[in-house]
Amino acid sequence: MFDIGMWELMVVGVVALIVVGPKDLPKMFRTLGQVTGRLKGMAREFQTTMNAAASESGLDDISTDIKGAADFGKDFRDLANPRKAGQTALKKAGSAIDKWGPGEGDEPRTDTERLAQERAAAVRERAEAVRERAEAARASVAARNPLPDKGDDPEPQAERPET
């Protein structure tokens, strides 16, 4: 509010200490705090009274209309900005979609949905076959090249020289 830094506040405190004296300084600060509290209370009461008078006279409705017009202006500015308009349209379109496509187990309504379900099933079958082949390959490699136990190795293998 007043943009008073720490050093300025210390200078004011030292001057107050010199002018008022150390004996009356706490009383002065207490009085200053009470006056500040009363001023804040009066400002709060004034604001409440003004808000009540505005709502009684119908200015609240006008304020709401003005804010609505400002929101309309914001929407209009968004239309002038193609990127913002596109983002807004995508958000509105995305929020309207409850679910995409048919649910699991639903009968397809069109040939396209039926074809998509058939292709998805074929992809799942191929993925399962690839997983099975990979597991069989791992088992085959493990059978041909068993990992030595730590205690069974009679001679340690020589380290390869770095090249």
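These legends accompany close-up views of a predicted model.

**View 1. A nonpolar surface patch that includes methionine 10.** The side chains of Ile4, Met6, Trp7, Leu9 and Met10 form a nonpolar patch on the surface, and together they contribute about 630 Å² of accessible area. Methionine 10 lies in helix α1, which spans residues 6-20, and because its relative accessibility is 45%, methionine 10 counts as partly exposed.

**View 2. The salt bridge between arginine 114 and glutamate 118.** A search of the whole structure finds three salt bridges. In the pair shown here, the closest N and O atoms of arginine 114 and glutamate 118 are 3.0 Å apart. Because the two residues are four positions apart in helix α5 (residues 111-144), arginine 114 and glutamate 118 are separated by about one helical turn. Arginine 114 counts as partly exposed at 36% relative accessibility, and glutamate 118 likewise counts as partly exposed, at 43%.

**View 3. The salt bridge between arginine 131 and glutamate 128.** The closest N and O atoms of this pair are 2.9 Å apart, and since arginine 131 and glutamate 128 are three residues apart in helix α5, about one helical turn separates them. Arginine 131 is exposed, with a relative accessible area of 51%, whereas glutamate 128, at 37% relative accessibility, counts as partly exposed.

**View 4. The salt bridge between arginine 138 and glutamate 135.** Here the closest N and O atoms are 3.1 Å apart, and both arginine 138 and glutamate 135 lie in helix α5, three residues or about one turn of the helix apart. Arginine 138 counts as exposed at 54% relative accessibility, while glutamate 135 is partly exposed, with a relative accessible area of 49%.

Definitions and conventions: Residues numbered from 1 in each chain as written. Predicted model: local features only at pLDDT ≥ 70, side-chain atom pairs only at ≥ 80, totals over all residues. Heavy atoms only, no water. Patch = residues over 30% accessible without salt bridge, like charges linked within 9 Å, V, L, I, M, F, W, Y side chains within 5 Å. Areas by Shrake-Rupley, 256 points an atom, 1.4 Å probe, with all protein chains shown as cover. Salt bridge = Lys/Arg side-chain N within 4 Å of Asp/Glu carboxyl O. Buried < 20%, exposed > 50% of the residue type's maximum accessible area, 1.4 Å probe, protein only.
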